[in-house]
Amino acid sequence: MALSPKLEIRQGQSLIMTPQLMQAIKLLQMSSLDLTSYVEAEMERNPLLERVEGDGPASDSPGGDAPEAGEAGGDRGESGGDDGEWIRSELSDSAQEIAGRLDTDLGNVYPDDPGTRTGPEAGASAGEGLQRDPFQSGLGASRGSGGGGEDYNLEAFVASDMTLQQHLADQMVLVLSDEVDRLVARTLIDNLDEAGYLRLDLDETAERMGLDRARLDRVLHALQKLEPTGVFATSLAECLKLQLIDRNRYDPAMARLIENIDLLARHDYAGLRSLCGVDDEDLAEMIAELRALDPKPGSAFGATLIQPVVPDVLVRPARDGGWSVELNSDTLPRVLVNQTYYATVSRQARGEGEKSFLSDCLQTANWLAKSLDQRARTILKVSSEIVRQQDAFLAKGVEHLRPLNLRTIADAISMHESTVSRVTSNKYMATPRGIFELKYFFSASIPASGGGDAHSAEAVRHRIKALIDAESPDAVLSDDTIVKVLQEDGIDIARRTVAKYRESLRIPSSVQRRREKRARPA
């Protein structure tokens, strides 16, 4: 059979991801902050997009204010000379009266205020200002002593949070007088982390700055005496040591406890009693003193502002006993396509390039508006189904959280699992029980021991935490005991699952909990 090129026509079907579909999928999985940034960027690129303003009272138009301004200006123009003479005489009389009462020239009382000068020069300057615009001159004189007629910068008077570096720099100049030492101290201050620890290799730092290690240690020792106590430490043990020295509680027994703080982390109280040479009561008091110290002394200064989570969906009790689910309009960027502007500009377009640009802008704007509307509808549909599935959780608490997966929601609303997964990513729901991420309502299923309804993994995890919180020092629950208690409650769970859930909650083992509770002071 000979091989030769030939042309054939075939008919087939294939799924193609169009740019519009990719945009819709991209918007669906964005958080509210990312969506707002994306829409703002699109509005800068596309002149046909307009933001929908809030439902507030309409402001007065500039045209409505124009006649009033014109009338006021006309009145000033007609009697400008009389007003100027009147204001000049009033200012002059007031200045002379005040100067006579104080028995001195006003320039000696307010030397930085140009409006307090008296005499011929003051009269001339005041007269020139009043001739230009008496109202502007009086307004400018009341704006401060800076001159130039500029308003106060109110942001310059707003108090800002004191950062740790600023707080230490203000103290550093009081304890160090040498300029070189201050330069070294400034370098050390700038290298502190948020907790107040010094994360530097001191040998490398001294070599890089061309200093003796002894001088660097001397500066560091001076800085470690600043407030808050414990800053400039290189480890947790040194941070606690500095605070104990400041409280005059760093005795030999406490020093050995600090040196073996790793044993305290492992709750090896027998080894600590042997090393420190104290009994159980004294060791409990020493541990209580350590717990009263601040392991992160710098965290109180210049803390990063934590923005609260803004929910995308609001759930409230309805009058009929159900739940009202609605979108949070504050997180939804609303845009409109300005068809009037497009019609006006398109008639004036000359070249093919301009027409093509306007056509692309119109298509992009329409697709963006449609994608935003579809995104809002999809989020509302998925959230409504989640609320319907988790009605018991909203009414009674986390113990009644049902096991739920993406397929259940997808089948109920006739959508694909991937769509539900994108909707529940980075979205939050405000409920009477608090604000939860939509992913929170999806948890694994744990079977019931009696063949009843399955239990949610999150509910079982909450049950384990409640059991451990309620245990007493004399009856600490082991993992096997917790398994038996849960099986009596109808939860069929293995011991390794209990251990996994306990570790995910950062709860130590029963042996460590028993040591810690027995060593805890009464």
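In this predicted model, four strands make up an open sheet with mixed pairing, arranged in the order β3-β2-β5-β6. The strands at the edges are β3 (323–327) and β6 (434–437), each of which pairs on one side only. From one strand to the next, the twist averages 20°. Strands of a sheet pair through backbone hydrogen bonds, either parallel or antiparallel. In the case of β5 (residues 428–431) and β6, the two strands run antiparallel and are joined by four bridges. Thr431 stands opposite Gly434 in β6.

Helix α18 packs on this sheet, where it touches β2 (313–317), β3 and β5. The direction of α18 makes about 160° with that of β3.

The helix α18 also has a helical partner. Two packed helices are described by the angle between their axes and the distance between the axes. Helix α18 (residues 352–389) packs against helix α20 (residues 406–413) at an angle of about 115°, and their axes lie 10 Å apart. Angles of 65 to 115 degrees count as roughly perpendicular, and α18 and α20 are therefore roughly perpendicular to each other. Their crossing is right-handed. On the α18 side the contact is made by Lys381, Val382, Glu385, Ile386 and Gln389, and on the α20 side by Thr408, Ile409, Ala412 and Ile413. Sorted by class, this contact has five nonpolar, two polar and two charged residues.

Two points in the backbone deserve a separate note. Most residues other than glycine have a negative phi, and most peptide bonds are trans. The peptide bond from Glu227 to Pro228, however, is cis, with omega near 0°. Pro228 is found in the loop between α11 (213–223) and α12 (236–246). Asn248 is not a glycine, yet has a positive phi of about 60°. This asparagine, Asn248, sits in the loop between α12 and α13 (252–259).

How confident is the prediction, and what pLDDT does the protein chain average? The average is 78, and 76% of the residues score at least 70.

Key:
Residues numbered from 1 in each chain as written. Predicted model: local features only at pLDDT ≥ 70, side-chain atom pairs only at ≥ 80, totals over all residues. Heavy atoms only, no water. Axes fitted to C-alpha atoms, helices over the stretch in contact; angles between N-to-C directions. Parallel < 35°, antiparallel > 145°, perpendicular 65-115°, else oblique. Left-handed = near helix turned anticlockwise from the far one by under 90°. Contact = heavy atoms within 4.5 Å. Nonpolar A, V, L, I, M, F, W, Y, C, P; charged D, E, K, R; others polar. pLDDT = per-residue confidence, 0-100. Pairing = 2+ DSSP bridges.
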